[in-house]
Amino acid sequence: MTAVGALSSSLGAALAQESPGTAAPEAAPVEAAPPKPFGFEDVAAMARDLASKAYEYRDAELVGSFANLTYDRYRGIRFRRDRDPWAGSRDFALDLLPPGVIFHEPVDISLVDDGVVIPVRFDPHMFDFDPAQFPDGVDYETLGNMGWSGFRLRAPLNRPDVMDEIAVFQGASYFRAVARGTLYGLSARGLAIGTGSAEGEEFPMFRGFWIHKPGEQDRSVLIHALLDSESVSGAFEFRITPGAETVFDTRVALFPRTDMGNAGIAPLTSMYWFGPTDRSRVDDYRPAVHDSDGLQMLTGDEQRLWRVLSGHSALQISAFMDNNPLGFGLAQRARDFESYKDAEARYEKRPSAWIAPQGEWGRGTVTLVEIPVENEFNDNIVSFWQPADRLVAGNRYDYSYILTFAAEVPDSAPISRVVETMSGKAVNNANARTYVVDFDLGLFGAENPVPQIRASAGRIGHSYLLRLPDQRRMRLAFEYLPEGAKLADLSAVLNGPEGPLSETWIARWTRE
């Protein structure tokens, strides 16, 4: 009791004794304060507590109809629309996803309604099972609480009368999203650890989600998530707004269990098999197959870089040093059907993804990892921000960024961009390779710019610049001579009297 409270009680007792024939007035009832709405700091407290303890891996035994599922059988399990927790909403819908196949680590899901947390227990009755895949039916009695594997969000993205998928969170810390007019392609992740390292990669997992029910006037969905792994625990907040650009306003708090020099912040994961720079090594009817064709960067000093992706026979890691980066992301720039000629995959409709850091991220590198692949069924491209300083156990590290999924990266600066990169053997020199880089012509005047071409090893041979007005392109072509080099980073920029007129094109050549 406070001193003021004690004084009031004593005074009240004295008044009652001085007036023996008069009843003491009753104290007014004290209303209990409403509970504090669940929020980001609640998850951060959980993450801090987890990080103070030894890591415990969680796994679920998949039994009955969920055991030993094939890919087709798993696809035959569908969430029932009449069990949607947000049924009746015109703006958003929610699907809960079943375990099975590779999704055997249980994920806790809770709904948050007006700040109050409501855990959702796994229930197999919330799914329809395709009779073609489950001809013997389903024995519900054998199915216990195996946990969810994730969830899917829907909204009227392309038509007002259709609830399109806009985002899905499923598997480790992976999630994907689409914008209007695009199809699922590259993924984002909560955190990357040791990607491309000799020690092997560690895959953190979102072990719990709190999904806030949107209000009638809300155009966004608020999600909180708890991440955990051997090295670190973390709290995440995503405010997701779908549309022509689907935007994730993201907040992160990390609590390392061990000192970490291999943390990848805001990672993106994509697929690149082949394209016009390395078409000759693949026997395929399509001109290109990829979800992304380049890593786009906006440095802290506002330099714009375009690192074209390529297929390599060995693992390649590129690190671009920076201080307080303004943006980076994996982009799909080839946007016409003729670039791929794939009527099923429709790679021209895959979204780009852009990370815009909020606040100062300090020194570090935008890192690109390119992993060799033999087909289009495995993601092999990873990009992320790696801080220069180690994350120290026992400390808290906060990051905020805006992640945008869209057809085009949201950067409208008046500068010429790379449209296409092509490469092949030089016609008149068996020891050289020809590179052709097409820039957008729109920003160049009547005068031709001056190209600046560099190679980290070997040398640059014959080059020329050609204006292609009908194609709206400025073409830069040059020969590269390795001269014994096994690896080289090539770069080119088109300069005017006052500085760069184009972004800086970058490519990595390797001897196969």
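Mentor: Residues 24 or more positions apart make up 66% of the protein chain's contacts (heavy atoms within 4.5 Å) that have a separation of 6 or more. Bear in mind that this is a predicted model, where local features need pLDDT of at least 70, side-chain atom pairs count only at pLDDT 80 or more, and totals for chains, interfaces and linings use all residues. Numbering runs from 1 along each chain as its sequence is written, and side-chain values use heavy atoms, with hydrogens and water left out.

Now to your salt bridges: the whole structure has 34, each being a side-chain nitrogen of Lys or Arg within 4 Å of a carboxyl oxygen of Asp or Glu. One of them joins Glu 41 to Arg 251, at 3.4 Å from N to O. That pair links distant parts of the chain, 210 residues apart: Glu 41 belongs to helix H2 and Arg 251 to strand E14 (DSSP runs numbered from the N terminus, H or I of at least four residues for helices, E of at least two for strands). Glu 41 is partly exposed at 38% relative accessible area, and Arg 251 is too, at 33%; buried means under 20%, exposed over 50%, partly exposed in between (1.4 Å probe, protein chains only).

Next, Asp 161 meets Arg 159 at 2.7 Å, N to O. Here Asp 161 is exposed at 56%, while Arg 159 is partly exposed at 47%. Arg 417 and Asp 411 pair at 3.3 Å, and both are buried. Finally, there's a network of salt bridges linking Arg 81, Asp 84, Asp 95, Arg 152, Arg 154 and Glu 165.
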